[in-house]
Every structure is written in C-alpha cells, then in structure tokens.
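Let's take a walk through this structure together, with the sequence and the coordinates side by side. Keep the viewer open as you read.

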Amino acid sequence: MIQLEKRPQPSKAWTVATPILAVILTMIFGGIMFSLIGTSPVEAIRTIFWDPLFHPQFAGFSRPQLLVKAGPLILIAIGLSIGFRAGIWNIGAEGQYIIGAICGAGAGLALYPMDSALILPLMIVAGALGGWAWAMIPAMLKVKFGTNEILVSLMLVYVAENLLASVSSGILRNPEGMGFPGSRNLSQWSSSQNLELIPNTGMHLGVLTAFIAVILAYVLLTRHIQGFNIRLTGEAPRAAKFAGVSPARTILFCLGLAGALAGMAGLFEVTGPAGQISIDFGSGYGFTAIIVAFLGRLHPVGILLAGLLMALTYIGGELAQLMLGVPGASIQLFQGMLLFFLLGVDVLTNYRVRIGKGELA
Amino acid sequence: MPDDLLRLSGLTKAYPGVVANDDVSFDIREGEIHALLGENGAGKSTLVKMIYGLVKPDKGTMTLRGAPYAPSEPSAARTSGVAMVFQHFSLFDALDVAENVALGMENPPPRHDLARQIREVSETYGLPLDPSRTVGTLSAGERQRVEIIRCLLQDPKLLIMDEPTSVLTPQEVEILFKTLRQLKAEGTAILYISHKLEEIRALCDHATVLRLGKKVATCTPAETTARAMAEMMIGSSFASPAAKHTTPGEVLLRVDNLAMPAPGAFGTPLRGISFELRAGEVLGFGGVAGNGQDELLLALSGERTTKRGTIWVKGADVSRDGPVDRRAAGFLTAPEERLGHAAAPNMSLTENAVLTAGRRQRLVKKGFINWGRADRFAQDVIKRFDVRTPGTHVAARALSGGNLQKFVIGREVAQNPDILIVNQPTWGVDAAAAAAIRQALLDLASQGAAILVVSQDLDELLEIADRFGALNEGRLSALKPVAQLNMEEIGLMMGGAHDMEATHVDA
C-alpha cells in the first residue's frame, strides 16, 4: 500500500528536486516511446535536449532561437503568474499580445517614414498600453459586474485574432505590398527595428525586458507589500480582506500588469523576429506562457528556467522531426509527458509517500 | 475482563519533529463517560483519530470487547460500533437534515424510513429536530444534534465527542447532558473531550489526563477540583486572571443604529445595533453562534463598510473606512476563524504578523516590507503569549488550534490598540492559555483600552466583562452590568427565537 501523508509544510528540497525528477522521468518514458516507434531513444533525446545547443552544424542557428522563443514566453508568463498568485485567471494573454503588437505597430507606422530614435520607445509604450487596455476589459467587467475573467479574457483572444486579420489586410496593410495582406516590415525600418543587442545570441530588447521583469517580479513578490497582498489574496481571500486588501484594486493591478507585459512582448516580436503585422502573427505564445507560468511554479526564477526549457523542447522537437523523421505528434506527446510529470510529481512537495507497512486485516 | 469496552495499550504516534502520543494506555469501561483532558497539543486529537480510524498508530494495540481492534478507516470504526461527533461539523448547509444524515451513513435507508427514524431518535433522547429543515437555517446547537443523531442511528457502543459544548447556550448544554446521561444509562460509553473542567466534574465518571503526548494522570472528576485537574494538565500551577477595577473613561467607540443586510444566503442581517464602548471597559456580547457575531465583526473590522454615521472612533466617523485606516486609528479586531480569516494557513508566522501589523508596527516602509522587523515582532508575540512553535518560519496551519489562537490574539494585543474587538478569543484554548489571554485583555483594559469580547463561553464573559449584552438574530439586547446578572437571566437574553424546550419536537 502506498499512502500519501500531508506534510506540515511544503518541502523546500522537493520544490527544487521535483522539476529535475520530472525531466528524468520524461527522458525515461519518452525514450520508451521513441524506441517503440523505431527511433533510437538515446539519439532522440540527445537531438531534443542537446543538439539545439551543442550540435556542431545546427547549434549556430538554433542556439539564438532559444532566447528568441523563450523571451516572449517568459515576459508573458511573469505577468500571468502574478495574477495567478492572487487567484486571478487571465488566460487571454494571447489577445493582449496581439493587441499590443497592433497598437505598437500602428503607432510606429503612423509616423512612417520619419527617422527618430524616439519611435521605438514610443511604440513600446503604445504596445504596453494596448495590451493593458485589452486586459482592462475583463478586469473592469469583473470588478463592476462580477463576470468571470477566465471566459471574458479567453473570448477576447478570438476578438483580437479577428482584429488582427482585419488590420493586416486593412488599415495597416503595406501600401507597397502589391495587395498582399500584412504591414510594412518593421524590422527593416531603422526607426522601429528591434535588433539583436549582441550578434548571434538572439538577445534582443524583448529578451532583456523579460530578464528585467523576472528580477522586478521577484522583488515585488518577496519584498513589496503589493506583492505580499497579491500572495495573501491567492492564499486566503478572506484573510486578505481582513488585512485590508481591496479585491478590486488587486484585480485591476494583476490583469493590467499581465496585459501590459503581454502587449510589450507582442511589440518586441513584431518589430523583431516576426517583422510585420500579418494574419498569422498570433503564434500561441500567450497560451504556452500559461504552461510556462505553472511549470515555473509561479515563481519568477522558476518561470525563467521553465521558459528556457519550453523553448528548448520546441526547437529540439523541430530538429528531431527534421533529422530523425519522427512524427510531429510524437514530439507533442513528449512535451505533454514533460508537463504531466512536472505537474504530477509536484505532489511530493506537499505530501510524503509512505510505502505501507503490512496492515492488520 | 468483560467490564472493559475499549482497551488502549501502548499507543504511540509520531509525526516529523513531534511525538503526538507516547505509549498511551487506558481503558474505557462499558457505559461510562470517560473524559480525556489535556492542553492544546497534548495529543488528544491524535489519540481519538486513532480510535476512529483516521490515523494509524505507529505502535501499540487496541482491543474492543476483548477482540483486536485496528480500524483502517472511519467506516471500519463505525462498523465496529465507534462513532464520533467532531468539533467542526461536517454538514452541508444547502441540504436538509435527513439528507445530511444519509450522507454520513454506510447504507442509508429510503428517505421516508430515515425521516421516521430521525424523529424516533430525536424524541427518545430529547433532541428536538425536524428532518426536513434545511441545515443552513439551524443554530449551532441544532447542527450538533444532527451530528449526534447521525451517530445514534448507527447504535454505537462508544461515542466520541470533541468539545461538544463550546457552541451551546447553557440551556442547550443541559439538554445535551441529559441525552448523554440517558445514553450512558443504556450502556453506551462516551469518550468526552472538553476544556470546560466544571462540565467534566458534573458529567464524567473517570478522566485521563494527557500532557505532551503522555498519559500523566487519571482521576475521578467528581472527587477532585477543576483547579487540580487544570494543574495536572499543565504540570504546574497557574494564576487566574486578576479582576481589575478601573473606572470607565471617555467613549472611544460609538456604534449608532448599525444595520447591514445578510452577507449570504445563510448569514444574519444586523438590525439597529447601538452601543458605546469606553476607555478601560470590557464589554461582553454573548449569544448562540449564528446570531450576527461574525457579521458584527465584519462591520467593525471594516471588511464590510456600513452607512455613514454608524461607527464612530474617538468622535470621528469611520463607517466608510477600510481595515487599514481603522487600524491606523487604533481600532483593531480579531475574527473568530483562525485559519483562512485571521491568518493565512500556508504563510509563515512572520508573514502573518505583517497581515495586520504592517502599518502600526512600521513593518512596511515606502511599500517595502522590513522582514527583519516583522520577524522580531512575530517573535515578540510568540514569547509574550507562549505560542508553542519551532519558530517564526512555520506555516500557520502547522500550529495547533489553540497555539494559533494565542498568536492571532497576541498579534493584536501586542499592537497596543485603543479599541480591541475579539470574537471567541479563547475558543479551543486550554485552561492555562485561556487564562493568559483573558489576563492580557484585562491588562490592556487597565491601560485604558476599550475592549469588546464577543464569545459563546458565558463563564468567560462573566469572568472578564463589566457589562453584558446578547446578540439574537442580529439584534443586541439591552446592556446590563455583569454583577447584576445570573445564568437564567442571561439564558433568556440569549434565547429569543431559538426554541430550547427539550420536550418540544417539530413534527
């Protein structure tokens, strides 16, 4: 008999050890899966985890991709995690990301082809404001009418996607684009381009912003009363009210912050790696960031690592499909296993396992 | 030995860092009421959980009527004839009495039969209860009857009762005792846990005293004094709160025609509550649970704001202020529910200190928390109020109920409030600690603070309050000096709409 016994308090050691255990378990069971479909497990796992960083031929291309992919995931997930800590479930970051990109790009393109160093900062502010405003819709509705932010923020993703389709073939369409939908290329306009800060690293302004967000979020949650109030609201809503935390202000702060960060992530993407507003700009970062936030245990440092790990499995997964010809579904399954084990072994942080002494019948 | 119903020998249970029960052995005889005494954290809960199959002992054995008894889960215990009434009721507000009873049974009979059985049992044992009433509308005493009847329907040989009288009026206690004596006369043994030593003297045949997980004494309660039993529990003598005599000063808190709609489907609206609280005075509000105590606390703490002009602190209208501003004005409160309301269960004691003391103790500066200062404040509280904990880093939920109570009351007292409102300050706290908390409240009053104690423990109110009032369905009775009251009058002040007649049965 295996029994779970609740620990008096969460184990610190297991909080750190569970992600490592989960990765090992994923490697074992993923390896079994790969060998069942006729691929060498060692090779598959090496291709996913090792080759993107160290393969003599491919690493030069895929290593910078790690930061390019992890940057927006981390930036969005940090914003989401702060809301999740307070029990505010914003799952519409994808919409806030798209609207941020549209607003930022729109602000820049309105000034095209002016040449000024102030344009990119202006666009960043416009992007953040766009994402913030989009998140304020579920926030205000929740504060005023008690609507469910999960549903409202999610539905606004679909609204944002349709807006994106509309503007990329309408108001923001490149006049010199010969009728193709999509805006001017912002990464090729010197005033708006968000280039790599250090060549061949993938490190652009958005990645830097994500790292800064990690540090600020850590300070907020551990040192600042606002962060304390947020954690308190999530842990014990009634105790938070007793302490004097205003639920409405917490909702506005958390959704607004997540929206602004997602909006900035969208802006950095559209001025950098994506380059233009187009119908398929929405890449799912806003949804994947939810997973990243939980993988990182809603802790800023955890999110940093989870974002990098997620990015690695994406890049490594693509590489494995290319080099080993494994089906895409097997990669998704592999990523699913990683999530499953990460969330599953989390039980060890709060419970200890007792393997039964023989029971009296 | 046919005389012994349940024999415990050498029961031991250890949790990480603490031995909850260490080699505990005693016998419960057929048809006796056996008291289990001990301070908070002495191991009473763990022991009864082992008997009820919720926890498995590490060592030791039990025999029930001579046969080995090792229940692996509560249903096994119930099958063997052991039933338990918990301190916290496990009832669903939205379901009716019969449905709640059915949920706790292994094989509930059809509804019609069950309702008939409930009526029979309730008449036999003088516990008036209508099977079709919704539980949400019942008083605490009536809810307890649901739990008791649920146990009695299974015809137990041993009934375990954990702090059964803490939520009852004096009249309800009398009804309960009558029931318990009747059960005893019919041969049912009862294991009775309580902190109220006078009750134990009146009711119980034998008592076993636990201290720090070990059995330290046995006694015959009727032949010993409450004080002697309390000293067995704590292993030393302690001081009773010294009565204080201060003349009340200026009015610090004035509540003027305070009304508030019920917060939820099963809440109580507040109706026209008015009173004045003076410096140096201790005011006591009694009343059966669910008559507006929690709602009054919400309104006074600022968690729910009320109409302008209803709450005045030192002449200033604070009715629209939130908890933070009220605390800044020296107006502090401590709600009844420790876990989840007064304290955040998963947060450390240091973090829980910041919860209410952030501003008054200057633990927060320019928005940043000074954790060193917060930790020192938490340590002060722990030291001053003898909170038993390995340290300030421990999560609030890891503390026993009584110890956490000492912490959440101490946290407010240590902030030197001008006005302090406490709800059930010594609920579930052992005699020595309760005396210490009451003494702290009296000391605070003698330093010129105004104190309102809301409690269901009448002895407590009579001991420390200068004036007494009762809450009934959200109304406050006239306030009377405690010196002029007797138990009967108090019961009438509290009674009102709740029918306490033992003979009356709703059909």
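**Pocket, helix pair and cavities**

Sorted by class, the residues lining the second largest pocket comprise 24 nonpolar, 16 polar and nine charged ones. Please keep in mind that you are looking at a predicted model. The space in this second largest pocket comes to about 2200 Å³. Its lining has 49 residues, and if you want to find the centre, look for P10(A), T15(A), R85(A), R297(A) and H299(A), which are the closest to it.

Let's turn now to a pair of helices in chain A. Helix α13 of chain A covers residues 300-324 and helix α14 of chain A covers residues 328-344; the two pack with their axes 9 Å apart, at an angle of about 155°. Because angles over 145 degrees count as roughly antiparallel, α13(A) is described as roughly antiparallel to α14(A). The handedness of the crossing between α13(A) and α14(A) is right-handed.

Which residues of α13(A) and α14(A) meet? On the α13(A) side you will find L309(A), T313(A), Y314(A), G317(A), A320(A) and Q321(A), while α14(A) brings G328(A), I331(A), Q335(A) and L338(A). The contact of α13(A) with α14(A) is made up of five nonpolar and five polar residues, with no charged ones.

How many cavities of 30 Å³ or more does the structure hold? There are four. The largest cavity has a volume of about 60 Å³, and its lining comes from chain B: L127(B), G141(B), Q144(B), R145(B), I148(B), L168(B), E172(B), I175(B) and L176(B). Two elements of chain B, α5 (140-152) and α6 (170-185), each give two or more residues to this lining. The greatest share is that of α5(B), which gives four residues. By class, five residues around the largest cavity are nonpolar, two are polar and two are charged.

The second largest cavity has a volume of about 40 Å³. Around it sit 11 lining residues, and those nearest its centre are F86(B), Q144(B), D162(B), E163(B) and P164(B). The lining of the second largest cavity divides into six nonpolar, three polar and two charged residues.

How values were computed
Residues are numbered from 1 along each chain as its sequence is written. Chains are lettered from A and ligands numbered from 1 in the order in which they are written. This is a predicted model: local features need pLDDT of at least 70, side-chain atom pairs count only at pLDDT 80 or more; totals for chains, interfaces and linings use all residues. Side-chain values use heavy atoms; hydrogens and water are left out. Axes are lines fitted to C-alpha atoms, for helices over the stretch in contact, and angles run from 0 to 180 degrees between N-to-C directions. Angles under 35 degrees count as roughly parallel, over 145 as roughly antiparallel, 65 to 115 as roughly perpendicular and the rest as oblique. A crossing is left-handed if the near helix is turned anticlockwise from the far one by less than a right angle, and right-handed if clockwise. Contact means heavy atoms within 4.5 Å. Ala, Val, Leu, Ile, Met, Phe, Trp, Tyr, Cys and Pro count as nonpolar, Asp, Glu, Lys and Arg as charged, and the others, Gly among them, as polar. On a 1 Å grid over the protein atoms alone, a cavity is a set of points where a 1.4 Å probe fits but cannot get out, and a pocket is an open set with protein on both sides within 12 Å along at least five of seven lines; lining residues have an atom within 4 Å of a point. Grid points are joined across faces, edges and corners, and a volume is the space filled by probe spheres set on the points.
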